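Work through the exercises below with the sequence and the structure at hand. Each task is followed by a solution in steps.

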Amino acid sequence: MSLGSLATKLVRLIKLDKLSEDARGWHFSLSTRFSDIHLASLAPGMVRGNHFHESCTEFLCVFGGLIRVKLANHDGSIVEDFNVDCLLRPFIIEIPPKIIHAIKNIGNTTVYLVCGYIGNLEPNTNKVKILE
């Protein structure tokens, strides 16, 4: 899948083409409008997600490798499955409420995620396994 800024049926994918760059590498500032921000790493072959949020939109800024993204709407009638190469450039995935999502590191380098939320972040996510 060739990805620029595009919408799938379930999520919006945002390729960060306008990064500040110099000899040290790239830099991108995230908005401070998030109600929560956390960082995570994803080792090769491992999966994160397999859940959905009832009422918040999740933004995943992913970088450092090759990932497989699997999505399903709440009733399971639409399922999307695609790969994103974010080894050299970060990518943002905007996931609306009630979209089941999972990410698998299918590369051989550690992938990093900066996760932000808009809306009320529930204390517990709703677990639904869609990717192993």
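**Exercise 1.** What percentage of the 132 residues in the chain do buried residues make up?

*Solution.* The model is a predicted one. A residue counts as buried when its relative accessible area is under 20%. By that cut-off, 42% of the 132 residues are buried. The chain exposes about 7,400 Å², and carbon and sulfur atoms supply 51% of that area.

**Exercise 2.** Describe the secondary structure and the contacts of the chain.

*Solution.* Start with the elements: the chain has zero helices and 13 strands. Then turn to contacts with a separation of 6 or more: residues 24 or more positions apart account for 81% of them.

**Exercise 3.** Explain why β12 is largely enclosed by the rest of the structure, and find its pairing with β5 and β7.

*Solution.* Count the buried residues first: they are six of the eight in β12, so this strand is largely enclosed by the rest of the structure. Next, take β5, which pairs with β12 in the antiparallel sense over seven bridges. Here L42 stands opposite V111 in β12. Finally, β7 and β12 also run antiparallel, joined by seven bridges. In β12, G116 is the residue opposite F59.

**Exercise 4.** Describe the largest pocket and its lining.

*Solution.* The volume of the largest pocket is about 240 Å³. Its lining has 18 residues, and those closest to the centre are H38, H51, E58, C115 and Y117. Elements that give two or more residues to this lining are β5, β6, β7, β11 and β12. Sorted by type, the lining holds eight nonpolar, six polar and four charged residues.

Notes
Residues are numbered from 1 along each chain as its sequence is written. This is a predicted model: local features need pLDDT of at least 70, side-chain atom pairs count only at pLDDT 80 or more; totals for chains, interfaces and linings use all residues. Side-chain values use heavy atoms; hydrogens and water are left out. On a 1 Å grid over the protein atoms alone, a cavity is a set of points where a 1.4 Å probe fits but cannot get out, and a pocket is an open set with protein on both sides within 12 Å along at least five of seven lines; lining residues have an atom within 4 Å of a point. Grid points are joined across faces, edges and corners, and a volume is the space filled by probe spheres set on the points. Helices (H or I, at least four residues) and strands (E, at least two) are DSSP runs, numbered from the N terminus. Ala, Val, Leu, Ile, Met, Phe, Trp, Tyr, Cys and Pro count as nonpolar, Asp, Glu, Lys and Arg as charged, and the others, Gly among them, as polar. Buried means under 20% relative accessible area, exposed over 50%, partly exposed in between (1.4 Å probe, protein chains only). Two strands pair if DSSP finds at least two bridges between them. Contact means heavy atoms within 4.5 Å. Accessible areas come from the Shrake-Rupley method with a 1.4 Å probe; for residues, only the protein chains shown count as cover.
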